[in-house]
Each structure stands twice: as C-alpha cells, then as structure tokens.
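Subject: Structure for you to look at

Hello,

Here is the structure I promised to pass on. Please open it beside this email and follow along.

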Amino acid sequence: MFVCFSTTGSGGNKSPGGTTPGASATDSKTPPASHKALHNVKGDHPSVSNTNQMAFLQSRSISLVDMYIDNSEPSENVGQIHFSLEYDFQNTTLILRILTAKELPAKDMSGTSDPYVRVTLLPDKKHRLETKIKRRTLNPRWNETFYFEGFPIQKLQSRVLHLHVFDYDRFSRDDSIGEVFLPLCQVDLSEKPSFWKALKPPLKDKCGELLTSLCYHPSNSILTLTLLKARNLKAKDINGKSDPYVKVWLQFGDKRIEKRKTPIFKCTLNPVFNETFSFNVPWEKIRECSLDVMVMDFDNIGRNELIGRILLAGKNGSGATETKHWQDMITKPRQTIVQWHRLKPE
C-alpha cells in the first residue's frame, strides 16, 4: 500500500480524476509527522553504503531496463518535465516532487493546454496518482510532493516510475501530451537526484501484427476465421513480455452476437495461436456483419489490457487492409484468404 501527500502552490485547480483507490491525497503545507525529518542513507542504515547500492543496481535483471530505457531522441518535441526523487530509509518511503514542465504543445483552440501529471509505479497499474490541473499554460508549475509509503529499497528496485502528462478536457477524453519511464534500479536515491527529462509521445501505433485467414461457404452459411499467429506485440508486463490471447466478437451492425476466445500464451510477443472459429452467417447477412478481433494481455491481478485490435468488415473496417480482406473473402467463396493485419491501439 502507498499513501500520497501533496504539497501544492496556489489553489483553485480541479483534480482530473478524484481519489485513486488504495491511495489518498492531501493538500498540506507541512508533510505528515513521519516525514518531517528526511534521513540520510548512511545515517539510517550504516550497512547500506553507496558502493553496496550501486552493486545492487548493476546486478538487476536487464530485462526491466530494456523494456523502458530508450536513449533515442524523441520523434517530436513535446516538452520537458522537471522532478526530483528522495528516499527515507527509516520510514521506507519514496518521495517524489513534481516541479515544473516547459515547452508543452498546445492542445486547445486557445493555443494553450490544461496540463496535469499522472503518476504510476509500474508494474502496479491499478493505483494511479495525479497532480492538480494547471489551466491555460504551456509551462506549468505544480510543485507537488508525493510520498509512497511502505516500499523497502529492494522492492523499489523492481519498480519503474511512469510520469504521463495529459491535457485535461472537460467534454472529451483527455489528450496525451507525453510520458517518461524511469527504472528505479538505475537511480542512486542517496544522491537525492533531480531530473529534467524530455517527454516522449506515446507509441500508440506500434501494437504488433496479426496473421489471420477468412473463408466463407455460401452453401452452408459458414464463416470461418483462423487466427494463425502474431508478431512484435507490444510488451505489457514488467518482464518485457505479454501473456496474449485473442477475443473475437461476431457483430451485426453495432450489436454483438457471439464471442470466442483463444487460450492464453504466457510470456511471449510472438504467439502461434492456430485457432479456428466458425460462425453461422446467412449469405444475405454476410455484408452486414463484422468480426471485432482483440488481442489482449492476460493479468492475474488487475484487469486484462488491450494490446491491439482490428475490425474485419466489408464496410468501414478498421483499415483498408481489413476491408479488402473481407471483400476478397466474399468474391472468392470457399477459398481461404490469408492476410497480415497491423493492430490498432483502439
């Protein structure tokens, strides 16, 4: 469990998401009593030296670092964020200060944005914390402090700090501005580091590809979908892998009729499904129906996450390839038509 206390500047800002389950946020000029004295690493734990800590960092599994460290330049400039970290060994508390951001892109018609920051300690995706919204600015100053209690240093080394900057929108979905991933196994918390990090646009379109086949037999009204395999799926787990399965809905218009699922394939980004589903669809309905194909990541603890999806349909498929695949199936009855499809994020 972690508890967040925030120290903010001027009031009058609305929180975008309310209270997060499993966490509480309190505006206060003074941190809680247990945080009034922030202790030095050596003073609290004489046995933990900088040398020992760095040796621990170097021994960490490289898979976590590979998943989140990206030293490439951002594909576009979406601003920078300034934050600092500190660790209270006596109270096993990580202290995060989100300070400012600069040069954020304008997302609103006014030429400004209403930015706020969503904070997650991955792989925990359920408990998310958020700063206040700063209205009509591209250079916000939050000056908020978050205390994550109950995190021994060894546990923190398997966490990744995720800061995601959004533009708040009252009437529609909030726009993503950019994000930063920081594996804590690479941070020497005894140094109380401060960071300016360039925000990177989320890689929304790189979800992977799915190889499918379609076949329709007009004589017996059987529509057959075969899910062959997927490749280069987006990693959803801390180990750099996913646990993919595919969920398929047969739809008539916007109405869902029948659902099928494949088995779950553990720890892979390139699963081989070889799963065939058959649906009874009369010939006169074949142009009105569609198949909503969703590649999911199974999660034992939280909610299963969407990796990517396609809509196979004769009209208004999720892309030109999906529409053509369906039309080829109709024009070539009893033939199996195989096609790779690029998964879409939504």
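Does Arg97 count as buried, partly exposed or exposed, and at what relative accessibility? Arg97 counts as partly exposed, at 23% relative accessibility. Keep that residue in view, as it comes back below.

One caution before the rest. This is a predicted model.

**The chain as a whole**

The chain has 346 residues, and buried residues make up 46% of them. It holds 5 helices and 16 strands. Take the contacts between residues at least 6 apart in sequence: 67% of these join residues at least 24 apart. The chain exposes about 17400 Å², and carbon and sulfur atoms supply 48% of that area.

**Two open sheets**

Strands of a sheet pair through backbone hydrogen bonds, either parallel or antiparallel. Strand E2 covers residues 93–102 and pairs with E5 over 7 bridges. In that pairing, Thr93 stands opposite Glu149 in E5.

Another open sheet also has 4 strands, in the order E4-E3-E6-E7. Its pairing is antiparallel too. Strand E4 (129–130) and strand E7 (175–183) are the edges, each pairing on one side only. Find Val165: it stands opposite Gly178 in E7.

**Salt bridges**

How many salt bridges does a search of the whole structure find? The search finds 9. Start with Glu86 and Arg97, whose side chains meet at 3.1 Å, N to O. Glu86 sits in strand E1 (residues 80–88) and Arg97 in strand E2, 11 residues apart. Glu86 counts as buried because its relative accessibility is 6%, under the 20% cut-off.

Glu86 has another partner. The side chain of Lys192 meets Glu86 in a salt bridge of 3.7 Å, N to O. Lys192 lies in the loop between E7 and E8, and the pair is 106 residues apart. Lys192 counts as partly exposed, at 47% relative accessibility. Together, Glu86, Arg97 and Lys192 are linked in a network of salt bridges.

Now move to Asp292 and Arg309. Their side chains meet in a salt bridge of 2.7 Å, N to O. Asp292 lies in strand E14 (residues 289–297) and Arg309 in strand E15 (residues 305–313), so the pair ties together parts that are 17 residues apart in sequence. Asp292 is buried, with a relative accessible area of 6%. Arg309 is partly exposed, with a relative accessible area of 21%.

**A buried leucine**

Leu156 lies in helix H4 (residues 153–156). Is Leu156 buried or exposed? Leu156 is buried, with a relative accessible area of 0%. Leaving out residues up to four places away in sequence, Leu156 touches Tyr87, Leu94, Leu121, Phe151, Leu184 and Leu189. Leu121 is 35 residues from Leu156 in sequence, yet the two are 8.9 Å apart in space, C-alpha to C-alpha.

**Cysteines**

A disulfide is a covalent bond between the sulfur atoms of two cysteines. How many disulfides does the structure hold? The structure holds 0. Cys185 is buried, with a relative accessible area of 2%. Cys207 is buried as well, and its relative accessible area is 2%.

Best wishes

How values were computed:
Residues are numbered from 1 along each chain as its sequence is written. This is a predicted model: local features need pLDDT of at least 70, side-chain atom pairs count only at pLDDT 80 or more; totals for chains, interfaces and linings use all residues. Side-chain values use heavy atoms; hydrogens and water are left out. Two strands pair if DSSP finds at least two bridges between them. Helices (H or I, at least four residues) and strands (E, at least two) are DSSP runs, numbered from the N terminus. Buried means under 20% relative accessible area, exposed over 50%, partly exposed in between (1.4 Å probe, protein chains only). Contact means heavy atoms within 4.5 Å. A disulfide is a pair of cysteine sulfur atoms within 2.5 Å. Accessible areas come from the Shrake-Rupley method with a 1.4 Å probe; for residues, only the protein chains shown count as cover. A salt bridge is a side-chain nitrogen of Lys or Arg within 4 Å of a carboxyl oxygen of Asp or Glu.
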